[in-house]
Amino acid sequence: MKVLLGCIADDFTGATDVASFLVASGMRTVQLIGIPTEQVDLSEADAVVIALKSRTLPKEEAIQQSIAALEWLKQYDCEQYYFKYCSTFDSTEAGNIGPVTDALLDNLDEDFTVLCPSLPVNGRTVYKGYLFVNNTLLNESGMQNHPLTPMKDANLQRVMKSQSQGEVGLVTYEDVAAGANNIKTALESLSQTCRYAVLDTLSNHDLVEIGRACADLKLLTGGSGLSIGLAKNFQDKGLFKISSNSDQLSQVQGDAVVLSGSCSLMTQAQVKNFKQSNPSKKISPISLLNKTDSIDSFIEWFAANREQGPVMFYATDSAENIKAIQDELGVDRASQIVEEFMASLVTALSNVGVTKFVVAGGETSGSVVQALQPQLLKIGASIAPGVPLTEIPGENPKLLALKSGNFGDETFFEKALRMMQ
Ligand code: ADP
């Protein structure tokens, strides 16, 4: 069995992001949560994305996991492989973008690839080899203060050189703007002296041309944007037909709920908006610790309110209130209590027939997905940029919308629920 594109993503929401772009370009796509230990039926997938959590691991572990993912994907004889990282090139001084790219190239017996983090639709562009976030240099965009992967240099050639084994060339904007054939010639020329090529990119059109120029590279590396032109390459090679319903998920019966553990400003607005017309119950880590609240009391409340639903359970709170809770319980303990409760609540709700979950929060989504233990997620239509509807397939399928922090507008919950009907 052959899969056309095998992706390895260095974090969970990044995996969903690239999967959503692939679906939008007409490829039927599944997302795997980590490397499966068993055989998976991929007969209906054109692309597979393996979600790792390797971005900030020690580099040896990141390499080991990425190579294990590649070896697993190789069973499906992928036409191309794709290492997906963040559009802000999130990495530590040690990597892991450089070391993982090197290991993947070596494993595939290849000696050249592209580095293309650009995602112009979200304001990430590259010019003269420098990465910009909304027209500001990466190292002045706030990313220089990231707690785990501070990005203190916007020059991608320098950053890559410092964490990898080879020379880093640049395909300039003049060559990119001249289209796919020109880009291909520039890449061929660079491959004589370099192991990687950064590509200037200012628009979606550029990404499509770059994608076309990369049709014959075995390994691609980049953000999610580089994926948008790839479906067309596979179609041109006669390997598949772009599907107009690649985002088709099952019709799922059963109740829907909203679970919100994000405290971002946008999520606060979404919670406030949804509360006005739907029964809602607050999750308080202090009440959970005091045992004033419990899973049983939440399920009782759900039974009494489900008819008026969809209902919402939310831990979301203002920065001021969160600070007070964290001062009392400690930061890690407070979020651990909330996340563990979310995980137990999801399990309990699914036991009483809830089949559709709209979840707000990156870490919160991680806890929910872990609790539901899916082997894979089928990726459906986009609810908001970077947030697709997803399905846990099987005899009793479930639908999930997993939204990190600031994604979506104020009516995101309503929109996600409508798309789940
Ligand atoms: P985002 O995507 O907005 O960063 P996350 O789910 O990743 O959201 O992170 C939010 C964190 O805040 C989670 O660990 C969650 O458990 C924690 N949290 C949510 N509500 C509360 C609360 N009321 N008190 C303390 N911690 C909370």
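In which strand does Asp-255 lie? Asp-255 is part of strand β12, which covers residues 255–260; strands here are DSSP runs of E with at least two residues, helices are runs of H or I with at least four residues, and both are numbered from the N terminus. The structure is a predicted model, in which local features need pLDDT of at least 70 and side-chain atom pairs count only at pLDDT 80 or more, while totals for chains, interfaces and linings use all residues. Residues are numbered from 1 along each chain as its sequence is written, and side-chain values use heavy atoms, with hydrogens and water left out.

Asp-255 has a relative accessibility of 24% and therefore counts as partly exposed. This class falls between buried, under 20% relative accessible area, and exposed, over 50%, as computed with a 1.4 Å probe on protein chains only. Apart from neighbours within four places in sequence, Asp-255 is in contact with Phe-302, Arg-306, Gly-353, Val-354, Thr-355 and Lys-356, where contact means heavy atoms within 4.5 Å. Ser-350 is 95 residues away from Asp-255 along the chain, yet their C-alpha atoms are separated by 9.3 Å.

The chain as a whole contains 15 helices and 18 strands. Its radius of gyration is 22 Å, close to the 22 Å given by the globule rule for 421 residues, so the chain is as compact as a globular protein of that length. The radius is taken over C-alpha atoms, and the rule is 2.2 Å times the number of residues to the power 0.38. The C-alpha trace spans about 70 × 45 × 35 Å along its principal axes. Of the 421 residues, 56% are buried. Among contacts between residues at least 6 apart in sequence, 73% join residues at least 24 apart.

Helix α3 comprises residues 97–108. At 1.5 Å a residue, its 12 residues should span 16 Å, and the end C-alpha atoms are 16 Å apart, which agrees; the expected span is 1.5 Å times one less than the number of residues. Because 10 of the 12 residues are buried, α3 is largely enclosed by the rest of the structure. Among the buried residues are Ile-97, Val-100, Leu-104 and Leu-108. Asp-109, which follows α3, has a positive phi near 60°.

Val-100 is also a contact of Ala-62, a residue of helix α2 (residues 59–74). Ala-62 is buried, with a relative accessible area of 0%. Asp-46 is 16 residues from Ala-62 in sequence, and the C-alpha atoms of the two are 26 Å apart in space.

In helix α7 (residues 204–213), the buried residues are Asp-206, Leu-207, Glu-209, Ile-210, Gly-211 and Ala-213.

Ser-287 belongs to helix α10 (residues 285–290). With a relative accessibility of 18%, Ser-287 counts as buried. Beyond its neighbours within four places in sequence, Ser-287 is in contact with Thr-292 and Asp-293.
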